[in-house]
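Below is a short report on the fold and contacts of a multi-chain model. The sequence and structure come first, followed by the description.

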Amino acid sequence: MFGEYSLGDLGAIFAMQGFAGLILFSVYVLMALGLAIIFGQMGVINMAHGEFMILGAYMTYLCSGFFQAHLPALFPAYFFVAMALAFVAAGALGMLVEWGLIRHLYKRPLDTLLATWGLSLILQQAYRSIFGAREVGVELPSWMMGSVQATDAIEIPINGLFVMAVTVLITLVVAGLLFASRYGKQVRAVMQNRVMAGAVGIDTGRVDCLTFGLGCGIAGIAGSAFTMIGSTGPTSGQLYIVDTFLIVVFGGAASLMGTIASAFSISQTQSTLEFFLSGSTAKVITLLAVVGILMLRPQGLFTLKVRR
Amino acid sequence: MKPKALNDNPFMKPVEWASLALLCVLIFGLLPLALDGFRLNLVGKYLTYAFVALGLVICWGTCGILSLGQGVFFGLGGYCMAMYLKLEASSVENTKIQSTPGIPDFMDWNQITALPWFWKPFHSLPLTLIAVVLVPTLFAFIVGAAMFKRRVGGTYFAIITQAIAAILTILIVGQQGYTGGINGITDLRTLHGWDIRTDTAKTILYFVNGGLLVACVLVAQFVKRSKLGRILVAMRDKEDRVRFSGYGVASFKIFAFCLAAAFAAIGGAMFTLQVGFMSPSFVGIVPSIEMVIYAAVGGRLSLFGAIYGTLLVNWAKTTFSESFPELWLFGLGALFIAVVLAFPDGLAGIWRQHVEPRLTRRAKAAPAALPQGAPAE
Amino acid sequence: MNAAILPGATAGDKDFLLAVEALTVSFDGFKAVSDVSFYVDPDEIRVIIGPNGAGKTTVLDLICGRTRATSGSIKYKGTELTKLSESAIVQAGVGRKFQTPSIYDDLTVFENLEISFPRGRSVLGALMFKRDAAVRDRIDEIAEMIFLKDQLDKRAEFLSHGQKQWLEIGMLLIQDPELLMLDEPVAGMSVAERKKTAELLHQIIKGRSVLVIEHDMKFVEDIAHRVTVLHQGKVLSEGSMERVKNDPKVIEVYLGH
């Protein structure tokens with residue numbers, strides 16, 4: 001399939017598709033980051049993760065509408081507000097769900113899967129009742145449109161760069177939070193031994209609640225980014241859940257770096273293949289490759305050989 | 001008390017025989033008498049899902065392997081059957097207006113001029129019947145062997161089976177020319193010359209379906225009460241202990257997974273026959289996980305519970321989504337949560353905890369002379 | 001630190017039931033077991049002692065195939081075990097008891113024992129397995145030995161901690177292994193249970209080789225033919241309890257702090 005392209009062309013194609021895939025990559029990274037915290041650290045299978053993302057997307061949609069109607073002067077800056085709101089809304093809902101549902105199920109991971117699937121159905125129907133079944137899109141402020149001309153052949157979309165920057169920032173904050181803060185230490189303590197952590201005075205209930213909320217909040221931000229590559233409907237989130245789980249598992253569930261590397265390789269493979277093949281074939285090949293590799297290397301591709 | 005007798009391992013306990021009899025009366029007597037042809041066909045459709053639920057009782061309830069890809073096996077079984085029926089419906093005579101007569105219409109629409117090789121065996125009914133069970137079981141074997149030999153289980157297995165369901169759906173939808181795409185394989189007419197669309201045919205198929213379901217219950221019961229069944233429970237509990245008692249744990253898991261796949265495949269084939277089409281919407285993530293809820297509602301450990309659970313959920317789905325489509329998803333969602341939080345053993349659990357003790361108490365109270373012989377619960 | 005290998009130990013391993021030679025396992029650079037060699041005679045009772053983290057449990061894990069050796073060899077009756085699957089090792093005659101009682105909570109005591117009965121271990125065999133008189137008698141016999149005769153129909157989860165330990169020992173006995181490996185069989189038991197267990201162990205070690213990890217020195221002294229002391233993954237000392245007790249190296253490690 002590469003036959004009719006010269007080497008230079010191919011390079012440009014890979015770069016173009018690579019930059020075009022920036023937003024997809026960012027959405028994947030943010031989704032997977034949230035899930036890596038919830039699944040990798042807490043062991044909870046959150047099938048409603050996509051719906052938390054979509055909540056963020058709807059928040060962005062509402063924000064865009066609100067600024068357009070009432071604060072047109074501030075419209076260029078609305079996206080920052082939208083992202084913050086998406087985080088807060090998804091995070092708050094996450095904490096509520098943790099309190100009402102998840103905390104009863106920590107010993108039964110497969111049951112969290114069923115319960116959160118039920119939750120996802122409820123959320124989908126709630127979105128449908130509130131926002132309607134039709135998919136909605138958001139308007140971007142003008143400064144985010146257009147692209148930077150890197151070379152003759154390569155254009156980098158500005159919104160892609162913006163989302164990328166946000167993603168990097170959030171990743172750094174999360175890494176700092178988990179690996180360099182007191183809170184992070186508490187999270188790891190609770191995940192490794194809940195009873196012991198409780199015994200040494202950590203409020204495990206609070207840690208669980210905050211951690212789940214954090215994971216969901218990040219999914220909310222992913223939803224904000226998602227509005228740039230797709231229109232938002234009640235079931236849009238469901239399409240992403242399998243991909244996201246595969247990314248987390250593929251990267252080695254407990255490793256944040258692995259998650260990012262895995263999100264990168266999967267989104268780039270898919271976006272590059274899409275240039276040559278139909279979208280569905282590209283997706284099948286990507287997923288098949290991931291499943292195939294996982295069968296050969298169940299511990300994930302990027303796990304360091306540290307513990308067993 | 002006679003401890004010897006408690007150790008005895010009858011094929012079924014009296015309660016289970018009674019349950020089986022009740023199920024037979026319901027499927028072969030009450031329902032056909034009470035329902036019109038349309039409704040009976042609907043129940044027949046529900047019962048094809050019960051095959052999947054039965055498999056999940058063995059695989060998930062008994063052995064602890066949650067597969068979120070049972071739709072794959074249901075679909076593969078159904079597609080195998082549909083391919084045969086489609087070929088029969090696409091005789092040269094029926095399709096002479098096509099540019100290539102004798103191939104299924106959707107192939108013709110997609111500019112395919114010859115029957116692909118993997119369609120060819122489905123000209124033969126015996127080969128088709130073998131393929132219906134063999135293809136999905138073989139697929140389950142490959143997936144199971146790859147995963148269980150490498151000790152992948154639990155949540156990882158669930159996620160990977162779900163990914164497989166997603167992949168297969170995308171593949172079927174994408175390869176329109178070979179699979180019929182999103183519409184699936186439709187317009188099926190005859191089985192070996194016998195018109196399956198008539199009311200009589202549908203009634204007969206309903207009874208065949210019921211018979212197969214009872215047969216599968218008996219097979220599942222045989223497995224469950226054999227030592228193999230107890231090993232499955234033991235593995236769910238302490239896998240390492242089983243391994244260090246000299247068992248190849250992976251083979252037992254593969255067996256459970258393959259059995260579940262074979263049941264699902266039979267269900268899928270019967271679905272195609274009774275409903276008259278097969279489409280990717282029965283293969284993917286959503287139907288696969290819904291099938292899990294059937295087993296969960298019925299009670300993941302109970303064969304009979306799984307069947308009643310399937311009937312109940314589907315009956316509720318039809319009723320609610322007809323009259324309050326908005327409410328149905330809320331209801332289904334709430335059902336998932338309720339079953340996990342409040343009734344982890346489903347209907348069967350409620351029966352065992354609340355109904356059975358009361359019945360036994362009453363039975364004991366009536367003939368006062370009866371010796372004390374309460375069931376070991 | 002040279003291990004005190006028994007004189008003549010290297011001369012042909014035909015006579016040993018178990019010959020562990022130069023066994024090493026490293027977990028990403030950390031050598032949990034390093035160059036360990038020891039030999040167990042038929043009918044010998046060998047106790048492995050050593051401080052926490054000395055690699056005792058890892059040695060048992062290596063022998064029964066739960067952990068794979070990085071290098072070295074484990075020969076059981078002349079067969080190399082390091083390449084066999086766990087179930088093949090068990091079928092060769094090696095039984096292993098875990099540190100925490102590892103039994104099937106959801107099954108009855110009878111069923112727990114039945115699963116360990118060495119017949120019908122293939123998928124088909126298990127499917128066709130018949131609970132005949134031989135099985136029943138053997139289970140009754142074992143249940144008698146492990147003091148659980150009256151509890152056969154009880155679900156295992158309702159047993160006391162000590163009873164669970166006995167049940168697991170019973171599950172091993174019914175396998176009738178030639179080499180029995182016990183990881184802290186009396187840990188966490190009450191005084192009375194401990195006494196009964198010692199009694200039980202005395203009874204069952206007849207006619208087979210036993211490899212025991214134990215901390216209870218009185219118990220060790222009571223049963224051990226020979227003792228191997230592990231320290232930081234290496235063999236520190238080996239010999240009779242008397243000899244080991246007086247080995248200055250052992251005293252330093254064990255009693256020095």
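Two strands are taken to pair if DSSP finds at least two bridges between them. Helices (H or I, at least four residues) and strands (E, at least two) are DSSP runs, numbered from the N terminus. The model is predicted: local features need pLDDT of at least 70, side-chain atom pairs count only at pLDDT 80 or more, and totals for chains, interfaces and linings use all residues. Residues are numbered from 1 along each chain as its sequence is written, while chains are lettered from A and ligands numbered from 1 in the order in which they are written.

**Chain C**

In chain C, 6 strands make up an open sheet of mixed pairing, ordered E6-E7-E8-E3-E9-E10. Strand E6 (94-97) and strand E10 (234-239) of chain C each have a single partner strand, so they stand at the edges with one side lacking a neighbour in the sheet. From one strand to the next the twist averages 15°. E6(C) runs parallel to strand E7 (residues 179-183) of chain C, and 4 bridges join them. One bridge partner pair is C:Arg96 with C:Met181, the latter in E7(C).

Contact here means that the C-beta atoms of two residues, placed from the backbone, lie within 7 Å. Axes are lines fitted to C-alpha atoms, for helices over the stretch in contact, and angles run from 0 to 180 degrees between N-to-C directions.

| Helix (chain C) | Strands touched or crossed | Angle |
|---|---|---|
| H1 (residues 56-64) | E3 (45-49), E6, E7, E8 (209-213), E9 (226-231) | about 145° with E7(C) |

**Chain B**

An unreviewed UniProt entry annotates "transmembrane region" over several spans of chain B, including residues 155-174 and 244-271. Such annotations may be inferred rather than shown by experiment; feature names are shortened and positions follow the numbering used here. Residues 155-174 of chain B are 100% helix and 0% strand, with end C-alpha atoms 28 Å apart. For residues 244-271 of chain B the figures are 82% helix, 0% strand and 42 Å.

Helix H3 (residues 49-70) of chain A has 22 residues, which at 1.5 Å a residue should span 32 Å, and its end C-alpha atoms agree at 32 Å apart. The expected span is 1.5 Å times one less than the number of residues. Of the 22 residues of H3(A), 16 are buried (20 or more other C-beta atoms within 10 Å of the residue's own, with C-beta atoms placed from the backbone).

In all, 33 residues of chain A contact 35 residues of chain B. Helix H5 (109-131), helix H10 (238-250) and helix H12 (279-296) of chain A each give two or more residues to this side. H5(A) gives the most, with 14 residues.

Terms used. Buried ≥ 20, exposed ≤ 12 C-beta atoms within 10 Å, placed from the backbone.
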